[in-house]
Amino acid sequence: MRAKAAVLTGFGKPLEIRKIDVADPGPTEVRVRIVASGVCGSDAKVCAGRNPLYPQPPVVLGHESAGIVEATGAAVTSVSPGDHVLVAMNRACGRCPECASGHAYLCQGEARHSAVAGRLADGRTPFSLDGRELPAFIGIGSFAEQVVVGEEMLIPVPDEDFDASLALLACAVVTGTGAVWRVARVRPGETVLVVGCGGVGLAVVQAAVLAGAARVIAADVNPAKLHEARVAGATDAVDAGDSLPDAVGRLTGRGVDHAFDVTGAAGVAADAMAATKPGGTTVLVGSPASAEIGVPSALLFGGRVLRGCVGGNANPAADLPNLIELVRTGRFSLDPLVSERVPIEEVNEALARQQAGAVTRSLIVFD
Ligand SMILES: [Zn+2]
Ligand SMILES: [Zn+2]
């Protein structure tokens with residue numbers, strides 16, 4: 001079938017709104033009508049040619065989405081047409097040593113490789129343009145009205161709980177909360193610093209609050225985002241243009257237990273780490289925005305820990321249903337995370353606002 005999509009045709013070029021062809025779902029695949037797709041820094045980095053994971057254009061970006069099942073392959077059993085779903089990231093094979101040991105987020109199997117290459121599990125591309133193969137970012141490509149994905153990537157949402165903003169759970173929220181709950185394992189009474197208060201950073205703030213952190217210090221250069229961080233539950237807000245170690249030192253006296261660098265920008269990890277107390281942990285949450293992070297070795301000699309993660313080391317099949325329930329019960333609010341809802345025709349402006357740090361999250365909503 002034909003669908004409207006925003007297509008990246010070359011690095012550094014604006015996305016083009018085109019009519020593309022969407023493949024019929026294979027036996028274990030599902031075609032989903034996308035209701036909403038968040039605009040993530042990882043999408044923007046591909047546009048700029050700064051995402052080392054990603055192959056050459058053309059490609060349909062978008063990977064943080066919610067929608068409605070339209071068609072299912074013959075062997076699909078877990079969803080039916082009309083079901084509301086989230087499309088989870090992190091396709092995993094379930095059989096490689098990493099999957100077998102319970103670390104599916106590190107999957108090294110063919111399922112992951114094909115997703116990173118923008119293809120379905122059997123190597124097909126889900127889209128084509130003018131008769132030529134058109135890959136989908138990490139095997140999703142939700143800047144399109146329709147996507148085709150494996151059944152295993154779909155997380156059902158009860159119809160009565162569905163809202164377009166739930167799309168943000170699939171990347172920003174599962175990543176930010178995973179970084180707090182699965183990677184840092186923040187404990188009640190501990191102190192937290194979050195540098196970068198976009199969608200992921202605000203998820204880190206709320207996860208830290210839910211974990212019982214005594215103090216959650218938000219840092220950003222944009223006062224509007226610091227305001228949203230306070231709405232999300234941050235106890236303190238500091239200008240990230242000032243010295244973070246000094247600002248955090250004044251507030252805590254000895255540095256925080258956990259720092260989260262959600263910016264990936266040069267120098268931020270070192271500053272965040274210098275704002276942790278001896279033995280404290282710094283987690284790099286987002287996809288890297290600079291090749292080197294330049295951490296002084298003296299900080300490590302102080303027993304501090306620097307940790308990476310991928311997508312918050314989350315297990316979407318377990319974590320997304322829990323997050324849906326936290327939103328439904330009002331314990332987690334998506335409101336501070338959504339700055340604007342825009343049509344797909346405004347995707348380039350939304351990407352520019354994302355890169356300028358002007359918004360927490362833009363949500364593309366299809367009609
Ligand atoms: Zn993302
Ligand atoms: Zn695997």
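Biologist: Which domains does the domain assignment of the chain give?

Modeller: This is a predicted model, and its assignment gives two entries: domain 1 covers 2–163 + 334–365, and domain 2 covers 176–309. The C-alpha centres of domain 1 and domain 2 lie 29 Å apart.

Biologist: How many residues does the contact take from domain 1 and from domain 2?

Modeller: One looks for heavy atoms within 4.5 Å across the boundary. Here domain 1 contributes 10 residues and domain 2 contributes 14 residues.

Biologist: What area do domain 1 and domain 2 bury between them, and which residues of domain 1 lose the most?

Modeller: The idea is to compare the accessible area of the two parts before and after they are put together. Domain 1 and domain 2 bury about 910 Å² between them, with 53% of it on carbon and sulfur atoms. On the side of domain 1, Pro336, Leu337 and Thr360 lose the most area to domain 2, and together they account for 49% of what that side buries.

Biologist: How many salt bridges does the structure hold?

Modeller: One searches for a side-chain nitrogen of Lys or Arg within 4 Å of a carboxyl oxygen of Asp or Glu. The structure holds 17 salt bridges. One of them joins the side chains of Glu70 and Arg33, at 3.5 Å from N to O. Because Glu70 lies in strand S5 and Arg33 in strand S3, this pair ties together parts that are 37 residues apart in sequence.

Biologist: Which residues are the protein donors of the zinc ion (ligand 1)?

Modeller: A donor is an N, O or S atom within 2.8 Å of such a metal. The protein donors here are Cys40 (SG), His63 (NE2) and Cys171 (SG), lying 2.0 to 2.3 Å from the zinc ion. Their spacing in sequence is C-x22-H-x107-C. Cys40 lies in the loop between strand S3 (29–39) and helix H1 (41–47), and His63 in the loop between strand S4 (59–60) and strand S5 (65–72), so the pair ties together parts that are 23 residues apart in sequence.

Biologist: Is the peptide bond from Pro57 to Pro58 cis or trans?

Modeller: One reads the omega angle; for this bond omega is near 5°, and the bond is cis. Pro58 is found in the loop between H1 and S4.

Note on methods:
Residues are numbered from 1 along each chain as its sequence is written. Chains are lettered from A and ligands numbered from 1 in the order in which they are written. This is a predicted model: local features need pLDDT of at least 70, side-chain atom pairs count only at pLDDT 80 or more; totals for chains, interfaces and linings use all residues. Side-chain values use heavy atoms; hydrogens and water are left out. Domain bounds come from an automatic or database domain assignment. Buried area is the accessible area (1.4 Å probe) that two parts lose on being put together, summed over both. Donors are N, O and S atoms within 2.8 Å of the metal (3.2 Å for Na, K and Ca); water is not among the atoms, so sites may look incomplete. Helices (H or I, at least four residues) and strands (E, at least two) are DSSP runs, numbered from the N terminus.
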